[in-house]
Amino acid sequence: MSDTTTGTTTRATLDVWCELQCPDCRTAFTDLHALRDHYGDRLEIRLRHFPLERHKHAYAAAQAAEEAAEQGRGWPYAEAVLARVEELADRGEEVLVDVARSLGLDADEVDTALIDGRHLLVVDADHAEGRAIGVVGTPTYVIGGELLDASQNQEGVRERIAEIADRLLGA
């Protein structure tokens, strides 16, 4: 929908609180692809980090994803890590560097970012914001001020997001 006076397009934002060692988040990406295909640029989907303590390598994965985003490949990196959650659990940070290499990223820079902690503040800020608004598990979505916790059950979440997005976009 375009505003004829300013030429701008109405957009909605979907924040996805995700953890890159979470098998349920891997499943959630199917819904995100469908939403992106349906809404295109009218729905901005933002990956937000919410590493859970029970997953030993989730915090490092979030930092590595931030480095991948700086290198222009944040979403492909997140998806590639989620595709290897079991391997990440077994092999740890080595997998994060392997994924970077397989995507043509500067894997040495990803490794260095994990050592120097340059993305700690971004990950910590996402996590703190998530806690402040009531995120307790992943995946959790926020759209139009509404929090949708899919950490226990993802059934119907895509449809609910679409209903809210349609309302926000005036569809």
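This is a predicted model: local features need pLDDT of at least 70, side-chain atom pairs count only at pLDDT 80 or more; totals for chains, interfaces and linings use all residues.
Good morning. A residue is called partly exposed when its relative accessible area lies between the buried limit, under 20%, and the exposed limit, over 50%. With relative accessibility at 35%, Arg 46 therefore counts as partly exposed.

I begin with Arg 46, whose side chain meets that of Asp 15 in a salt bridge, at 2.6 Å from N to O. This pair links distant parts of the chain, since Asp 15 belongs to strand β1 and Arg 46 to strand β2, 31 residues apart. Is Asp 15 buried or exposed? Asp 15 is buried, with a relative accessible area of 8%.

The next pair is Glu 44 with Arg 11, a salt bridge at 4.0 Å from N to O. Glu 44 sits in strand β2, residues 43-49, and Arg 11 in the segment before β1, so this contact ties together parts 33 residues apart in sequence. Glu 44 is partly exposed, at 30% relative accessibility; Arg 11 is also partly exposed, at 49%.

A further salt bridge joins Arg 118 to Asp 116, with the closest N and O atoms 2.8 Å apart. Arg 118 is partly exposed, its relative accessible area being 34%, and Asp 116 is partly exposed at 43% relative accessibility.

Thank you for your attention.

Note on methods
Residues are numbered from 1 along each chain as its sequence is written. Side-chain values use heavy atoms; hydrogens and water are left out. Helices (H or I, at least four residues) and strands (E, at least two) are DSSP runs, numbered from the N terminus. Buried means under 20% relative accessible area, exposed over 50%, partly exposed in between (1.4 Å probe, protein chains only).
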